[in-house]
Amino acid sequence: MQELGMAEQGSIRVSRKDGNVVVIEKDLATEEMVLSMGPQHPSTHGVLKLECMTDGEVVTSAEPYLGYLHRCFEKHCEVVDYPGIVPYTDRMDYLAGMNNEWAYCIAVEKLLDIEIPRRVEFIRVMVSELNRIASHLVAIGTYGIDLGAFTPFLFCFRDREHILNLLEWASGARMLYNYIWIGGVAFDIPADFNKRVKEFVDYFRPKVVELYKLLTENEIFVKRTKGIGIMPADVAINYAWSGPMLRGSGVKWDLRRNDPYSVYPELDFNVPVPDGKFSDIGDCLSRHLVRALEMEESLNIIEQCISKMPASDGFNPRSAVPKRVRPKAGEVYARAENPRGELGFYIQSDGKSTKPLRCKARSSCFVNLSAMKDLSKGQLIPDLVAIIGSIDIVLGEVDR
Amino acid sequence: MEEGRALPQSVQQSAAAYAVIREQFKGAVSDFDANETMPFFEVLETEKWPEIALFMRDHPKLKFNYMACLSGFDYPAEEQLGIVCNLESLGEFGHRIAVKVKCPREGGSIPTAAYVWHTANWHEREAYDMFGMQFTGHPDLRRILCPEDWEGFPLRKDYRVQESYHGIKVPY
């Protein structure tokens, strides 16, 4: 039909009259609209603003704006001495405080070149892996909420509560621990701690399976996430993605294996990578899947820690804690595998002061989020929510 | 380095990688600092940095495909600002090295590496936000953590916070 040929120049609005198609309007220009998601938006997991250019339902570009939660971590580090920085690191990724403290302590210990008692290492691994499970539970639960599944969230938070109780018992705090110190830990674990952790592991194993059935294998959930936001492996590496994000793209890379620290070389665990049968490699579902599988690996690690941990006879958790932390002049970049990826600390010491000259935190969320602009191009708005959720950002760590 | 203590294997790998770079760029790069905590070299001719970066990423013996971190720093005594990039060959060779690039403190600029590693985009924006060095050729050089109209660069050692911001008293 001749009239419909106009469609090439612009959109047309047509109607039917007596069986014929009648053009009512032609050359309709589509208009781009700016849509601001956030800073107060439930699916941005905190105060992140996404300025989306939308063409109808399609997002043509999305520019993240950050800094709403910027608390000047690096500026504070200039005036606080080395042990005083530990509580600040808790407040970066507040869902995985133990892992943050540990990464920072590894960096300073490398500068100081001190030997850590074996029991301390096992305690550190254990509390960090517990914290990793707690963090993944929040990630998985809130991801469910983003996509309209409310029940898994409640299940996840119920189980997370057990972990927080355990960590509170050991450290005295629920989320911001200040438990791992430079050279040691604040206190030895309580007498029956390992027994209770074992009880938790036995309790939690079936719950992981339950979570699979409830969320991961849920058809609606799979339809919302499979094939959405695909990130090829080489681009992911170029964007310096790490952790579950990078493994979701099919790169078998885990700092606990590939740049081992602490006692991880002695522990036996797998690095889960999607095989492309259940999900498309690199999509949102793969990233979710890696987190879900990682929880089981963490349980394995915790069990091995319980059996391998040296006895507490004559053990002083602060025996290697230096009285005065004054590292020799030099620089260090040390990192650890956090629930969200590689958390690195770059520290400069002038050799005279008890305060670092420069302390930079390489935050995993910050780096993972930087790919958002590329990832969101041409996606639908509901898929954008699925993509942000799969990045699993904690704004406290993005903005620091 | 203490006498009689052999270099760890990772530092030896970095040294081998450095040798390839030195052979190509000769005087444009400084000597290798083989310390144990963070082995690094410095780019002496700043304008050659993108070329060196691309060479490091694509050379078949180097393959530094992963930029782990880029941090800015300030040396008031030397009147210099700079960046340090922690690079790694992820999944290929596994070797690591750090590169320092410096520029003058006032009006200094460093060519961007954002076209070599995408991740450098936001890291460079952060370094600009905190230290105020320009990254020439950067696709989108704006402040990232501080507000757009913030005055001064907070992590410079001589930074003084502004008196008021939109009528709000800042130092308390």
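Trainee: What does the secondary structure of chain A come to?

Mentor: Chain A has 15 helices and eleven strands. Keep in mind that this is a predicted model.

Trainee: And what box do its C-alpha atoms fill?

Mentor: Along the principal axes, the C-alpha atoms of chain A take up roughly 95 × 50 × 35 Å.

Trainee: How much of chain A is buried?

Mentor: Of its 400 residues, 48% are buried. As for contacts in chain A between residues at least 6 apart in sequence, 69% of them join residues at least 24 apart.

Trainee: Helices next. How do α5(A) and α6(A) cross?

Mentor: Helix α5 of chain A covers residues 151–171 and helix α6 of chain A covers residues 193–216. Their axes come within 11 Å and cross at roughly 165°. Angles over 145 degrees count as roughly antiparallel, so α5(A) and α6(A) are roughly antiparallel to each other. The crossing is left-handed.

Trainee: Which residues make that contact?

Mentor: From α5(A), they include F155(A), L166(A) and W169(A). From α6(A), they include F200(A), F204(A) and L211(A). By class, the contact of α5(A) with α6(A) has twelve nonpolar, two polar and three charged residues.

Trainee: What about α6(A) and α11(A), how do those axes cross?

Mentor: At roughly 165°, with the axes coming within 10 Å. That makes α6(A) roughly antiparallel to α11(A). The crossing here is left-handed.

Trainee: Which residues meet there?

Mentor: Among those in α6(A) are V197(A), F204(A) and L211(A). On the α11(A) side, the list includes H288(A), A292(A), L299(A) and I306(A). The contact of α6(A) with α11(A) has twelve nonpolar, three polar and four charged residues. Note that F204(A) is also among the α6(A) residues that make the contact with α5(A).

Trainee: And α11(A) with α14(A), parallel or antiparallel?

Mentor: Helix α11 (residues 284–308) and helix α14 (residues 381–391) of chain A pack at an angle of about 30°, with their axes 9 Å apart. They are therefore roughly parallel to each other. This crossing is left-handed.

Trainee: What touches what in that pair?

Mentor: C284(A), R287(A) and H288(A) in α11(A) meet A386(A), I387(A) and S390(A) in α14(A). By class, that contact has three nonpolar, two polar and one charged residues. H288(A) also turns up in the contact of α11(A) with α6(A).

Trainee: Changing topic. Where is D280(A)?

Mentor: D280(A) sits in the loop between α10 (255–258) and α11 of chain A.

Trainee: Buried or partly exposed?

Mentor: D280(A) has 15 C-beta neighbours inside 10 Å, so it counts as partly exposed. Buried would need 20 or more. Leaving out residues up to four places away in sequence, D280(A) touches K226(A), G227(A) and I230(A).

Trainee: Where is I393(A) found?

Mentor: In the loop between α14 and α15 (395–399) of chain A. I393(A) counts as buried because it has 26 C-beta neighbours inside 10 Å.

Trainee: What does I393(A) touch?

Mentor: Not counting residues up to four places away in sequence, I393(A) touches H45(A), L48(A), C365(A), L369(A) and V398(A). I393(A) and R340(A) are 53 residues apart in sequence, yet their C-alpha atoms are 7.8 Å apart in space.

Trainee: How many residues are in the largest nonpolar core?

Mentor: There are 155. Those with the most contacts inside it are A107(A), V108(A), M126(A), L130(A), F345(A), M67(B) and V99(B). Helix α4 (residues 118–146) of chain A supplies the largest share of this core, 13 residues.

Trainee: What is V99(B) in contact with?

Mentor: Apart from its neighbours within four places in sequence, V99(B) contacts F40(B), F41(B), V43(B), C85(B) and L87(B).

Trainee: Last topic, the interface. How many residues of chain B are in contact with chain A?

Mentor: 25 residues of chain B are in contact with 29 residues of chain A.

Trainee: Which element of chain B gives the most?

Mentor: β2(B), with six residues. β2 (66–75), β3 (80–88) and α3 (120–131) of chain B each supply at least two residues of the side that touches chain A.

Trainee: And that side by class?

Mentor: The side of chain B that touches chain A has 16 nonpolar, nine polar and no charged residues.

Key:
Residues are numbered from 1 along each chain as its sequence is written. Chains are lettered from A and ligands numbered from 1 in the order in which they are written. This is a predicted model: local features need pLDDT of at least 70, side-chain atom pairs count only at pLDDT 80 or more; totals for chains, interfaces and linings use all residues. Axes are lines fitted to C-alpha atoms, for helices over the stretch in contact, and angles run from 0 to 180 degrees between N-to-C directions. Helices (H or I, at least four residues) and strands (E, at least two) are DSSP runs, numbered from the N terminus. Angles under 35 degrees count as roughly parallel, over 145 as roughly antiparallel, 65 to 115 as roughly perpendicular and the rest as oblique. A crossing is left-handed if the near helix is turned anticlockwise from the far one by less than a right angle, and right-handed if clockwise. Two residues are in contact if their C-beta atoms, placed from the backbone, lie within 7 Å. Ala, Val, Leu, Ile, Met, Phe, Trp, Tyr, Cys and Pro count as nonpolar, Asp, Glu, Lys and Arg as charged, and the others, Gly among them, as polar. A residue is buried if 20 or more other C-beta atoms lie within 10 Å of its own, exposed if 12 or fewer, and partly exposed in between; C-beta atoms are placed from the backbone. A nonpolar core is a set of buried Ala, Val, Leu, Ile, Met, Phe, Trp, Tyr and Cys residues joined through C-beta atoms within 7 Å.
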